[in-house]
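Q: Can you walk me through how to read a structure like this one?

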Amino acid sequence: MTGPLAGLRVLELADETGQFCGKLLGDLGADVVKIEPPGGEPSRHVGPFLDDIPDPDRSLSFWYYNTSKRGITLDLETADGQAVFRRLAETADVVLETFRPGFLASQGLDYASLRDSNHELVWCSLTPFGQTGPWRDYLSADLLHMAAGGEMASCGYDGSDVPIAPGGGNAWHMGCHFAYIAIMAALVYRTVSGHGQYIDASIHEACALTTESAVANYIYRGEVLRRQTGRHHAAAPTPRTQFRARDGNYVTALISGGLNPRNVRNLAALMDQYGMAGDLLDPKYQDPVVIAANASYIIDHLLAGFIAALPAEEVYHAGQERGFTWGAVRTPEALLDDAHLHDRGFWKQVEHPELGRSFVYPGEAAIYNGSPWAISRRAPLIGEHNVEILQGELGLPTGEIV
Amino acid sequence: MSQPRALDNIRVVDFSWVRAGPWATRWLGALGAEIIKIEWPETERGRLPSSTTPRHLETNLNTSGNFNDTNVNKKSLSLNVRTAKGLEIVKRLIAMSDIVIENFSSRVLQNWGLGYDELQRIKPDIVYVSMSGYGHTGRNHHYTTFGPVAQSVAGLTYLSGLPDQPPAGWGWSYMDDTGGMYGAMCALTGLYHRNMTGKGQHIDQSQMVSSVPLNGPALLDFTVNGRGSRRPGFPPGNRAHWPGTALVNNYRGPTVAPHNAYRTHPGGYNDWCVIVCHTDDEWQRLVQVMGSPPWANDSEFATMTARLQHQDELDANIETWTATLGKYEVTERCQTAGVRALPVQSAEDRVEHDPQLRHRNVYLPIEHPALGTYKVQNAPFKLSETPAYNHRSSPLIGQHNREIVEDLLGYSHDTLRTGFDDGTFWPVKRARFAYQEEMLQ
């Protein structure tokens, strides 16, 4: 079986902002040709690097975001490079590009210039702010998008007004998820109409759309939400949900539905498994009035004490088995030991033949039972497929290959 | 509008609830698919409880503002699928549909008699997207999640915060939003594959598992270099690197300084601006924007390495400048000079003050029969031939029962009325809304 996008040819001209979208397409079976400037994309210089030795073919960030792609180098500012790109675009299904607005037009290589030679082409320009508007030419960075998109306004600590940006790279993830949706919608439409189209996608807008209910809280209630440690932003303070376990790890232990008699009963039963129910088994705690009067005691004393006495993983699994929607706060490396992920065949061995080694990569977000996801190859070395594609597929003489 | 839409003539049977699933189908709806949301008021989660009902309205099943934003572009069929008659009706609907999507726990649809085998029997090329917490396979498939738990278990929470402090985590359900993205991505990918091959399939998406690939560089740093995330100076908050710790990459692009959030005038809760300089040139431009203050000439800020080492002093100095200006003014002055800067924006800022989002029509009003007219969030992409747009407000619960049951499925009006009397379309003892009484006339 092949991936759901088998047979689809994608040309990716993307920096760190859009390379993840190419990976999403490539891992699902598309033939993604990454077109880099001579010397390679600047994103090859982003660390960490293999063995901490900086080198454009050793960037782990580049490795991760460029799986299942082939790579060629092309100078789009020369006549030869432009001619090659035009020929590639004639037979491509998708062009994904992240140049600053106006650059490709200045080279005569934008959608308007190329669509006549390929009416079925789906062209996605993914840029920080889109092709129009007062911020169109603004510079960006992951942190900048987390600020303006609203993410930082929602993340931080109790009792502090410092906004904190959540983990790096997610601005690009947000933009690429929406870009992928737009591209696939255009491709579905093409299966019916036979026509391609142009997509103007904005990372800033994607980030601004990824803050759950924050916008609705403002629009319908005029509320500005406050940041809280390890839990949801809120208009007024809410009880803590993040507790330190015996091993120093944290547990997210939100009581879904709140402290009602049923939840208190289950909580008492769970803690009683470990002889730590305290007085919570007392029938008086089945009275909502008594529960409400002792909410802080139950959460901050009994529950916090229970979690503090056990390893985080124990709390997580024991809680889930009792029906509590709880989780251990894991480091990424702890996931390598997660049995559930192993059951799903999540981790993949990816060969790096030039190193004579293979490495473990994260796998698929979803299992496509009828057309499997797969990493077809590791990220391309600089210009690795120049000969294969330019000579082999386009039939260019060797002298024309940069 | 006469323009075609990308998913014209695609019908989606949408069992989804709460946030992640509805967020997925909202986008399929904006792209033109007919979304039929199957709901049951007794087990509803998403409409209630509501903390986003406008204060002047009664809180009921039809007045949640967040539900409205999350469920635009859908029709609602109130139906008890756990009755023989309800099941028969929904099967007739599935036979006429392209996609079935749900975000229940792993065994719910199967227990209703609507597992993939049965769906495929009813509609051989159906695209079935299940969006469960842990997926339909694996030993923990029965575990439950919402955003914060998926984020914790999958490593996202740990990566957000300051060194030597508890995780700050994500102040919202990032994985309800992003889980929704993956649900929509799976549906569209499955649909494309079906159109190309004629074959449907079951796509088993998991909120927890979908979170893991978002930690890619951190995971490879471990699997390749053996470097774990439990290390001094990590996570470095808004910085790319925490001074005084090993100079390693912390997965937010290049390791540079300045790279932080700075207080701006007048010092309110969300008066902050972030500034990042990727190169020495960008730093020199910032120095000029700040009016070339004497401190900026100190040797401890002369090179990238020096600035990384002296970030505490660097950040304090920069803040003496930013604190004199509003965050939009800092942004404009920096960006005009080619320096990376943007304001920290609250939801109010985005809706009211962000000139770019306004220019791009991200928030446009839409009229809802019970709420009135409010702004709703629009697509962050513009498709030239098949624009995505919000064409209808969220549905009232059961608003489209008559249209779906009679016009689409071809049942008689009598069937509709009987179904209300016998508890198929609405709980017998539950009061009906006026529009329901009306459709039964």
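A: Start with burial: a residue is buried if 20 or more other C-beta atoms, placed from the backbone, lie within 10 Å of its own. Of the 402 residues in chain A, 56% are buried. In chain B, 58% of the 441 residues are buried. This is a predicted model, where local features need pLDDT of at least 70, side-chain atom pairs count only at pLDDT 80 or more, and totals for chains, interfaces and linings use all residues. Residues are numbered from 1 along each chain as its sequence is written, and chains are lettered from A and ligands numbered from 1 in the order in which they are written.

Q: How many helices and strands does chain A have?
A: Helices (H or I, at least four residues) and strands (E, at least two) are DSSP runs, numbered from the N terminus. Chain A has 16 helices and 12 strands, and chain B has 18 helices and 12 strands.

Q: Which residues of helix 14 of chain A are buried?
A: Helix 14 spans residues 312–321, and its buried residues are Ala312(A), Val315(A), Tyr316(A), Gly319(A) and Gln320(A).

Q: Why do they line one face of the helix?
A: An α-helix has 3.6 residues a turn, so residues three or four places apart point the same way. Down the axis of helix 14 of chain A, the buried residues fall within an arc of 120 degrees (taken from the directions from the helix axis to the C-beta atoms), so they line one face.

Q: What comes just after helix 14 of chain A?
A: There, Gly323(A) takes a positive phi of about 90 degrees.

Methods
Buried ≥ 20, exposed ≤ 12 C-beta atoms within 10 Å, placed from the backbone.
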